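The sequence and structure are shown below.

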Amino acid sequence: MDLEARLVSGLKAFLRRAPSQREIGRFSKYLFLLRQWNRVYALTGYREPAAILDRLFFDSLLFLPFIPPGTTHLLDLGSGAGIPGLPLKIIEPTYSLTLIEARRRKGSFLATVVRELALEDVRILTGRAEALINDFAFLDGGFDTVVTRASGPVDRIIPLAFRFLRTGGTFVASGPPPSKLRVTSTKLGSWMVVTSPLSGLPRQFLVVEKKP
């Protein structure tokens, strides 16, 4: 199966509909740019295009069912190479998306992708989230939903994410594939196990509402 066919079949599986030509074109260009930059800056450990599609782009779409209807302002906390924020924006272009990334090289890559894909209403902020929220008042409680790929103890991430969320907003985190489907509890909730419609592999997600 060639890459475009893999892309189309994967999008069909996750979206349960045929992808538009604009979606296919944007994902294809995103893949090209990520592979090009990855040769120099090591933006991700995934090198093969099929792995980038499966482990980054399609994996990002697993967030979609957990993002509440009516979300308009979406924050990707620790965006890295744009995951999961940019794939979500491609599929849901109505999102007003903010990407926060601590490293400048990755921030430059994100700016290039946003420009080359002609994505509108995307803001990129480079720096540590703890400092940015103190520097920019609009970040404090300014988002309906915060998404992140959790790379550390989630109990440490939740208080920071809640600072960005409005009351009633939702924090959604993905973790690594669960070992033997083990679900790890937190003080505020539990990890839920979901299955990728493409690979059949399990993934963990935590969904926490910021209550009054």
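In which helix is Lys 89 found? Lys 89 is found in helix α4.

## Basis

This is a predicted model, in which local features need pLDDT of at least 70, side-chain atom pairs count only at pLDDT 80 or more, and totals for chains, interfaces and linings use all residues. Residues are numbered from 1 along each chain as its sequence is written, and side-chain values use heavy atoms, leaving out hydrogens and water.

Helices (H or I, at least four residues) and strands (E, at least two) are DSSP runs, numbered from the N terminus.

## Lys 89

Lys 89 has a relative accessible area of 2% and is buried (under 20% relative accessible area; exposed is over 50%, partly exposed in between; 1.4 Å probe, protein chains only). Not counting residues up to four places away in sequence, Lys 89 touches Tyr 95, Leu 97, Leu 119, Glu 120, Asp 121 and Val 122; contact means heavy atoms within 4.5 Å.

## Helix α2

Helix α2 (residues 21–41) has 21 residues. Among its buried residues are Glu 23, Arg 26, Phe 27, Tyr 30 and Trp 37. The buried residues of α2 pack against α1 (3–15), α3 (49–61), α4 (85–91) and α5 (104–116). After α2 comes Ala 42, with a positive phi near 50 degrees.

## Strand β5

Seven of the 10 residues of β5 (residues 165–174) are buried, so the strand is largely enclosed by the rest of the structure. Strands pair if DSSP finds at least two bridges between them. β4 (residues 143–149) runs parallel to β5, joined by six bridges, and Val 146 stands opposite Phe 171 in β5. With β7 (residues 202–209), β5 pairs in the antiparallel sense over five bridges; Leu 206 in β7 is the bridge partner of Ala 173.

How values were computed. Expected span 1.5 Å × (residues − 1).
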